[in-house]
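Reader: Before we turn to any single residue, I would like to learn how the features of a two-chain model are read. Could you take them one at a time, giving the general idea and then the case at hand?

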Amino acid sequence: MLQIDAWKRWLIWLTVVVGLLLAMPNLFYSRVETHNDAVKAIEGGADTTANREAEALWPGFLPSGLVNLGLDLRGGAHLLAEVRMEDVYKSRMEALWPEVLRVLRAERDEIGTIRWNSAAVDQGELRVRLVSQPDAMERAIELVNALRQPVVSLTGQGSHDFEARGDGDELVITLTEAEKQATDDRTMQQSLEIIRRRIDEVGTREPTIQRQGADRILIQVPGIGSAAELKDIIGTTAQLTFQPVVGRASNANDAPGAGNEILPSLDQEGVFYILEQSPVVTGEELTNAQPTFDQNGRPSVSFQFNGSGGRKFGEYTAANIGSPFAIVLDDEVISAPVIQSHIGGGAGIITGDFTIEESTNLAVLLRAGALPAGLDFLEERTIGPELGQDSIDAGKMATIVAFAAVLIFMLASYGLFGVFANIALILNVAMMFGLLSMIGATLTLPGIAGIVLTVGMAVDANVLIFERIREELKTAKGPARAIELGYEKALSAIVDANITTFITAVILYVMGSGPVRGFAVTLGFGIITSVFTAIFVTRLLIVVWFERRRPKTIEV
Amino acid sequence: MRLRLVKDDLNLDYFKRATIWLGISGVLVVIALISFFMQGLNYGIDFRGGTTIRTETSTPVDVGEYRSALDALGMGDVVISEVFDPSFRDDQNVAMVRIGAQDGEEAVSTEVIESAEAALAEVAPDIRFVSVESVGPKVSGELIQTASLAVALAIGAVLIYIWLRFEWQFAVGAVVALVHDVALTIGIFSELQIKFDLAIIAALLTIVGYSLNDTVVVFDRVRENLIKYKSKDLKEVLNMSINETMSRTIMTSLTTLIALIALFVLGGDVIRGFVFAMIWGVFVGTYSSIFVASTFLVKLGVKRDWTKPDEPGPAGTQFGDVDA
């Protein structure tokens with residue numbers, strides 16, 4: 001007999017109601033969005049009247065999850081960046097040099113004179129030539145190896161951070177694989193964090209910042225004008241170093257001498273400085289940076305080092321009073337003041353030819369910290385808000401027309417049963433939006449296509465059932481039995497057909513990216529909700545109708 | 001009065017000319033492959049790298065002017081085309097500019113985009129760049145790999161699923177039909193030189209899903225009828241099953257087509273290629289589940305005598321009746 005337990009009925013209705021409630025905020029999109037922004041602002045401490053009013057636009061007890069609009073619908077910028085890991089290896093090697101120099105020089109009698117082949121750091125190697133006593137290689141390796149540290153990571157247990165070996169008369173130091181792995185992970189985490197902080201400082205809504213694969217970062221920021229603008233925000237590495245000045249040069253191609261480099265001045269055209277390649281202190285040891293004004297009232301940036309940075313800075317300034325000292329930002333010399341006195345306490349001020357805006361920006365960049373490595377942009381997309389709006393309008397129109405056409409077609413084909421299927425179809429799309437809102441999924445243009453496709457295909461389950469009922473009616477078992485058999489026998493086809501489609505949706509989700517993923521999500525959810533509405537909701541509707549009317553014959 | 005598209009007592013023989021149908025399909029697949037290998041696909045920047053700029057102006061687009069402005073920059077392969085769509089406003093003139101990947105560049109080069117935009121702004125002062133997309137060659141190579149892998153994986157996964165739920169002959173039939181659909185879709189994209197980008201891969205996978213949906217529904221009925229009519233010839237059972245499910249096949253294909261056509265006409269030019277692929281897929285998918293998948297099943301034959309001890313369960317493996 002046709003019957004469904006009361007608790008099951010309640011469960012089905014409950015599920016439908018929850019789905020509808022979750023979908024409802026999308027009908028009042030901009031209102032709920034304003035409310036959500038206000039709630040976030042208030043949580044963040046901005047408890048103003050304007051925010052209070054905005055919050056009151058939507059009652060707090062109702063769900064407020066929205067379907068996020070993808071970049072192709074809202075407009076914004078998308079970047080796929082690759083982190084230049086070699087930069088990190090290089091700076092590791094550069095930082096190692098003073099240490100190596102110290103231990104080798106302490107044993108000068110045995111090792112003899114040494115010379116740093118500083119060009120090799122570009123290949124991630126630290127090469128030191130034993131000029132006078134190449135035979136002392138073994139001893140040199142021993143000395144350098146004493147500097148090694150164990151690698152701190154799960155997979156790298158038992159290995160050291162670098163290896164030293166001899167190559168002719170050159171001592172070669174390279175990072176171990178385990179250390180590279182650990183460095184990569186650290187670098188990625190650091191880069192993600194810094195990019196996130198920089199974008200947050202600008203304060204845009206819901207940026208996506210994700211790691212992809214070993215060395216890539218996906219950045220999507222809705223509402224931003226262009227990818228170039230986004231690159232300006234995150235692309236400046238703000239690598240701050242303090243380096244000893246060896247001298248000046250008139251052009252960039254002069255020979256700087258071993259262990260030195262030539263960098264241009266930031267604001268003076270044609271001025272180049274010869275600097276020692278190993279920095280005294282780097283921006284990584286900064287704890288704070290603020291825009292301020294110097295004693296002449298010009299915009300400048302004050303900074304504060306942490307303990308070890310402050311100590312190194314203090315020792316260096318004490319020992320080099322009267323020598324010039326370069327403040328280098330992203331391979332350009334901001335200024336090269338002469339050290340007037342010992343600077344203790346680790347605080348200082350950077351003066352230069354800044355505008356107020358520039359000094360503020362520099363402080364932000366310094367505060368957020370330097371990106372540990374440069375970024376290469378492999379992919380960039382900018383979608384203007386007009387195009388997004390056009391796509392939304394077109395998508396809405398198409399969905400409405402598709403919806404209406406399918407509803408009419410079903411009604412014409414199945415009459416009353418068509419009405420049941422149509423109710424299920426409407427609930428289906430609503431619940432789909434509910435699910436998408438619940439998990440905060442992103443709706444893209446292909447995602448809208450996925451919804452439209454679901455509208456077309458969702459009726460499939462009902463069509464299967466109705467056709468089956470028609471067939472069962474022919475064998476004249478009475479309407480109740482025919483309906484029951486229809487559902488029973490159509491089930492395996494419905495399950496198989498939908499599982500196979502679901503498999504492709506999952507593969508699409510796993511392998512795809514961006515808009516394609518958005519399509520996979522709507523397709524997958526569409527399958528879940530359409531099976532639910534076809535099997536449970538229409539069945540319940542039919543059963544309720546059947547119980548009331550008790551028809552002797554039915555026409556499907 | 002109900003709309004009935006298929007007679008209740010439909011009784012067609014789908015295998016009378018099986019060889020002809022298979023022949024036609026075979027020839028079409030071969031043509032598709034030839035087209036694919038001879039003239040290739042019109043890959044979008046997702047797969048070949050480069051930059052596309054979508055421009056909007058209120059004055060009509062002069063493609064020649066755009067071209068001479070960009071040719072002066074010496075950027076190599078530049079394609080400019082005007083875009084038309086019924087949804088555009090009267091003063092909305094849209095053009096797509098595609099600039100090939102620059103030699104020796106792994107990453108995206110901002111200068112190329114900036115200089116192209118500047119050159120276009122010279123000839124059309126009110127120009128707006130509503131979307132700018134740029135993909136470096138490094139990524140595009142990987143995207144091709146991932147996309148091919150995705151299609152192969154999808155086909156492999158359903159092969160296994162159908163094998164578990166039915167018999168290996170069903171799985172082979174279904175997969176041959178899928179490969180047929182995918183080949184024909186790639187073929188028509190190559191033949192008509194429609195832009196082939198990442199979204200089309202999504203469409204291909206959807207076609208795989210849709211075609212399979214159809215095939216599985218027929219096969220499900222075949223499985224059922226094989227049990228019911230143990231003595232009937234396989235061909236007869238297949239014909240009967242296809243006839244019984246024909247009404248559903250037509251209904252579902254039509255509702256899906258109605259929805260897709262609405263999207264094709266009204267959904268804007270951005271996703272038109274994507275929707276076209278799916279409409280095409282509904283046609284070939286529906287055709288192939290009957291004339292390719294089922295015909296293959298007839299050719300392969302299905303083991304009917306289930307009294308032999310080495311085979312568990314009737315007309316299906318032990319997983320066959322899990323949800324039935």
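Author: Let us begin with the salt bridge, which is a side-chain nitrogen of Lys or Arg within 4 Å of a carboxyl oxygen of Asp or Glu. By that rule, eleven salt bridges are found across the interface of chain A and chain B, and the side chains of R89(B) and D390(A) meet in a salt bridge at 3.9 Å, N to O. This is a predicted model, in which local features need pLDDT of at least 70 and side-chain atom pairs count only at pLDDT 80 or more, while totals for chains, interfaces and linings use all residues. Residues are numbered from 1 along each chain as its sequence is written, chains are lettered from A in the order in which they are written, and side-chain values use heavy atoms, with hydrogens and water left out.

Reader: How many residues of chain A are in contact with chain B, and what area is buried between the two chains?

Author: Contact means heavy atoms within 4.5 Å, and 67 residues of chain A are in contact with 75 residues of chain B. Buried area is the accessible area (1.4 Å probe) that two parts lose on being put together, summed over both; here it comes to about 6,100 Å², with carbon and sulfur atoms giving 64%. On the side of chain A, F409(A), D496(A) and M511(A) lose the most area to chain B, together 10% of what that side buries.

Reader: How is a nonpolar core read, and which residues have the most contacts inside the largest one?

Author: A nonpolar core is a set of buried Ala, Val, Leu, Ile, Met, Phe, Trp, Tyr and Cys residues joined through side-chain atoms within 4.5 Å, where buried means under 20% relative accessible area, exposed over 50%, and partly exposed in between (1.4 Å probe, protein chains only). The largest such core has 145 residues, and F417(A), F466(A), I469(A), F170(B) and F274(B) have the most contacts inside it. Leaving aside residues up to four places away in sequence, F466(A) touches Y414(A), F417(A), G418(A), A421(A), I542(A) and V556(A).

Reader: Is D46(B) buried or exposed, and what does its side chain reach?

Author: D46(B) counts as buried because its relative accessible area is 8%. The side chain of D46(B) reaches the backbone nitrogen of L198(B) at 3.1 Å, and among the residues that D46(B) touches are R381(A), V135(B) and D197(B).

Technical notes: Polar contact = N/O pair within 3.5 Å; in protein donor to acceptor, adjacent residues only side chain to side chain.
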